[in-house]
Amino acid sequence: MFLINCPYCGERDQQEFKAGGEAHIERPKQPTELSDDEWAEYLFMRKNIKGIQFERWNHVHGCRKWFNMVRDTSNDEIKAIYKMGEKPPA
Amino acid sequence: MTKNLRVKSSEYIDETNRISFKFNGKTYHGFKGDTLASALLANDVHLVGRSFKYHRPRGIMTSGSEEPNAIVQVNPGTNRTEPNVRATEVEIYEGLEASSQNCWPSVEFDIGGINNFLSPFFPAGFYYKTFMWPASFWEKYEFFIRHSAGLGKSPTSNDPDIYDHRNIHCDVLVVGAGISGILAAKNAAKNNFKTLLVDEKNELGGSTIFENNKFNKIDNKTPSEWLKKEIEELKNIKNLEIKTRTSVAAYHQYNYLLARENLTDHLEAKDKTNKIRQRLLKIRAKKVILATGALERPLIFNNNDRPGIMLSSAIKKYSEFYGVACGSKNVFFTNNDSAYESALSLYNKGINVEAIIDIREQSESKIVKKVKEAGIKVYWSHTIVDTAGYKRLNGISIMKLSNDGTSVTGSKISISCDCLGVAGGWTPAVHLYTQSGSKLKFDEEKQIFLPNQNTSQQISVGSCGGDFKIDEIIKNLNQKLKDNLNIKETDLDNIKVEIDQENSKRNIWLLPSDKPLGKTKPFVDYQNDATAKDIKLALREGFRSIEHVKRYTTTGMGTDQGKLGNMHALGIIADTAGVKMGELGTTTFRPPYTPLTFGTIVGRNVGKFFDIFRRTPINDWHVENKAEFENVGQWKRAWYYPINGETMHQAVQRESKAARESAGILDASTLGKIDIQGSDASEFLNRVYTNAWSKLAVGKCRYGLMLNEDGMVYDDGVTTRLGENHYIMTTTTGGAANVLGKLEDYLQTEWPELDVYLTSVTDHYATASLCGPNSKNILKKIIPDLDLSDENFPHMSFKEAHIGNIQCRIMRISFTGEHSYEINVQASYGKDLWEKCIEAGKEFNITPYGTETMHLLRAEKGFIIVGQDTDGTMTPIDLQMDWIVSKKKYDFIGKRSLYRSDTMREDRKQLVGLLTDDPNIVLEEGAQIVSELNQSPVEMLGHVTSSYFSPNLKKSIALAVVRGGKDMMGKKLFVPMENKNINVTVANPVFYDEKNERLNA
Ligand SMILES: [Zn+2]
């Protein structure tokens, strides 16, 4: 059970959060201009790697805010947490 | 006649407090402080159970939670009965009853014992191999297997006890209150760390508390005396909470641990009532100090499982702590010095020790000399090749061990004995450590797995960290505390320790016999009856991974998870396969460390708290008026209101007719309601719904369809513009939370530039939906001053009004096709509003209707229910709802997906109406639809999604999704059922009032 440091509320139990999949996949600004393949790339393709992964999380049973997390999926170590719109750490 | 083997009073046993208890129906006596195991041993009872596969007689083997054999059913036949309890952990109390498990008809005479003599036919994987063919016979095999297996009986009546959960946050959690744990907790707390110390036993001090030998001294006291003084000092330390009878079950990531605190299991029945029995502690600790100690290993030799064969350390504990002799003719079998400590303990209490069999060639330590001086015979370089005695050990045979330890030589010596203590060295209890995700490494010299890299804020101290001598323990503990807690001084700095302990050991995982292995029974896993033979067989059959060998032989898969024998299993595999133990790795230790009751896991979430439900503010009225309820998400919704013994069908037919002919009323409070405000609210709705919202006037309502980004219908509902920058959105009952979550997601992550605020107000309002040609007349009676003319208050519009002092929001919208109003008031006025409507509607025969009638009425109109007529694969085009998809809007959620090659296929499943040729046949929802009856395999075209008998149309109607259905209007299809084929015709899904004339009726 992770201990997640919500950027708005502080450290809370994982039970209060919901994972929201891969981070930094921006919704295309002009979807109608895209080919089927380009749209499918946005719609369906997600990474699932062993190692450092960038994820979206939502403090759904708390402040309801979305934020980003860098997690090492091999040992579940949370490397960084940062707000939506902020640049991922190098 | 039972013997009394109580040898000497012990300070932990209160001999003034005599307790009687029953075991297998017979009454025995023990004292306050005894465990069931110690009390039985004091009565010379060793035989307590039968093994799982061969039903071999088994006795008490240990003195702790690692016990594999002495598994009993506590208080059988009562509502507090519990199976699979370790007799070594049950504290006795007046009136306790316990019985053996896994034996029939009794532990003394067990029919299953015949398996023991058939055992050549029960090798590893026997069940897998034998019961596979023919497949149809499995049911018969299963019957016999289930009857001959089984560990105990679960209670059949309700659990009378209360269970609880508690969250604990601490700076330092210390697991285990042996010498290391106590010193760690004391120093952590003294340095202002909020500390919690837990131990599974009821007494602090671990094994050091009865360490009275004269060889080891701490500050010139025996370890026992010294530790008692330390424990006494704990009482005055702030920041320290101590919990005994508390077993840590699981150690999860981020230092999240679950522990079971036992509060009433040791009390008499009369003292158990109305108290919390067990409490699950959910502990989040900044630092965890594991001081879980070590478990003594047995030795693996032929017939090493007879009642009377015990761990050497257990014999010592029974003697020193409980004042009980486990036998009157004791022998020890060892590969290290531990057995000599036990032998000396017995000797000092005047208990007879016949001999010590030592597989080592020699040892010169002080304690060995002392044992020799006591006149106890030691057989060096000898091993036990066999044991005798069926229900109780009565003798052993030993032979000289060859130099390489793989065979025996010379002549056999027989020694008569009734108790054998085995000492195979010590295995650090690293179970919790590995559960946390931390990794072990194998120490070739000590032949043990030790903590290696820590992944959380944790340290392992004492013997679970690999330190076995008191001087090492204190020195290393001191350093680890300073490093890990960042403290400069501890009260361990100046402790003076004198010790004389030797660690010399000769490790042989499987000891040889004079018989070939195939003719012997060297048990590795006592509970599951896995022998060294089985492990070797698995290797011969090609299993290599330790995890596979474990499953094939069931080694380590009992309720004890193989706490005693797992190391030997690994050792035998490594030796046989010729690999190093370190390369082999270990099997995974899974939580819980010791079994938990279901009660502890669920805590207070039982009965009506098992699954949370929601009730509307009008619920009491539905109950008073005998409504039947159905679950919709978490909601309890009125389903139908039967009168005079009506069936559901009769009630629904009556309700449906009444709603169309005069007036009906529905509790619609469960619909999700989201308050949307902000200067970009209109633009936001434009982006989330398929249709256009910018031109919706204030005071008007509009139906909207929401898609997922993949173009599939996600939710629907009516949204009303309350003000320039203020809307109220309704969602489906089940979808409310998800819709809010999805909208928040877009607002926060994709469109943060939009000025929009969302608030869930579902619970804030109660909603009565008034429908039918007389709904207008009823509303007029309640709110006489509101102009209800079509000009002032047309369909799809909104008014704010007052009923007396109650403010209400009224939407003229319809889910039934009838003239209809949805009246919203503050939740607390819900029942009042409802009763006013019922009162005013009496003269119009107002009829309350439930969800079933609502479904029927909307199906007559061909209105979809998201989640019933859609299943996450339906686009609005598939639903024939093209009219609601804006062609002009540049973008909305899911728009691009409507132009993907797949979503544009003509032969997708599409929503259609279905009429049965025989109007009295009602199709089954979910029934398959085909066009050819004699095809093989038959092509499934789709299925029925909604189906009812319409009392208003006097015929059966259905909605269905059919491949290419849009172009099949009028086509004859079939719905094949078990006994008949039903002929159907594809029809327009709007069955009733196609021109919507009734909306303004
Ligand atoms: Zn938060």
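# Salt bridges, cores and an interface in a predicted model

Guide: Welcome! Let us start with a pair in chain B: Arg279(B) and Glu261(B) form a salt bridge, with their closest N and O atoms 3.3 Å apart. Arg279(B) sits in strand 14 (residues 276-290) and Glu261(B) in strand 13 of chain B, 18 residues apart. Please keep in mind that this is a predicted model.

Visitor: What makes the pair of Arg279(B) and Glu261(B) a salt bridge?

Guide: The rule asks for a side-chain nitrogen of Lys or Arg within 4 Å of a carboxyl oxygen of Asp or Glu. The closest N and O atoms of Arg279(B) and Glu261(B) are 3.3 Å apart, so the pair passes. Both residues are buried, too.

Visitor: Why is Asp869(B) called buried?

Guide: Buried means under 20% relative accessible area. Asp869(B) has 2%, so it counts as buried. Its salt-bridge partner is Arg858(B), with the closest N and O atoms 2.8 Å apart. Asp869(B) lies in the loop between helix 24 (851-860) and strand 44 (909-916) of chain B, while Arg858(B) is in helix 24, eleven residues apart. Arg858(B) is buried as well, with a relative accessible area of 0%.

Visitor: Which residues do salt bridges with shared partners join into one network?

Guide: Asp164(B), Arg166(B), Glu241(B), Lys243(B), Glu261(B), Arg279(B) and Arg604(B). Our opening pair belongs to that network. Over all chains, the rule counts 70 salt bridges.

Visitor: How do you know whether Glu753(B) is buried or exposed?

Guide: Exposed means over 50% relative accessible area. Glu753(B) has 53%, so it is exposed. The side chain of Glu753(B) meets that of Arg687(B) in a salt bridge (3.6 Å, N to O). Glu753(B) is in the loop between helix 21 (736-750) and strand 38 (757-760) of chain B and Arg687(B) in helix 20 (residues 681-688), so the pair ties together parts 66 residues apart in sequence.

Visitor: And what about Asn262(B): buried or exposed?

Guide: Its relative accessible area is 18%, and the cut-off for buried is under 20%, so Asn262(B) is buried. Asn262(B) is in strand 13 (residues 256-262) of chain B. Leaving aside residues up to four places away in sequence, Asn262(B) touches Arg245(B), Arg277(B) and Gln278(B).

Visitor: What makes the contact between the side chains of Asn262(B) and Asp265(B) a polar one?

Guide: A polar contact needs N or O atoms within 3.5 Å, one able to donate a hydrogen and the other to accept it. The side chains of Asn262(B) and Asp265(B) make such a contact at 3.5 Å, so the pair is included.

Visitor: Which residues touch the most other members of the largest nonpolar core?

Guide: Of its 118 residues, these are Leu36(B), Tyr318(B), Phe333(B), Ile396(B) and Leu420(B). Helix 5 (residues 179-190) of chain B gives the most to this core, with seven residues. A second, separate core of 42 residues includes Val430(B), Cys464(B), Met581(B) and Phe589(B).

Visitor: How do you know that the side chains of Arg27(A) and Glu709(B) meet in a salt bridge?

Guide: Their N to O distance is 2.5 Å and the limit is 4 Å, so the pair qualifies. Across the interface of chain A and chain B, the rule finds six salt bridges. The two chains bury about 2,500 Å² between them, 44% of it on carbon and sulfur atoms. Met1(A), Arg27(A) and Arg64(A) supply 28% of the area that chain A buries against chain B, more than any other three residues.

Key: Residues numbered from 1 in each chain as written. Chains lettered and ligands numbered in written order. Predicted model: local features only at pLDDT ≥ 70, side-chain atom pairs only at ≥ 80, totals over all residues. Heavy atoms only, no water. Core = buried A, V, L, I, M, F, W, Y, C linked by side-chain atoms within 4.5 Å. Buried < 20%, exposed > 50% of the residue type's maximum accessible area, 1.4 Å probe, protein only. Helix = DSSP H or I, 4+ residues; strand = E, 2+ residues; numbered from the N terminus. Contact = heavy atoms within 4.5 Å. Buried area = accessible area lost by both parts, 1.4 Å probe.
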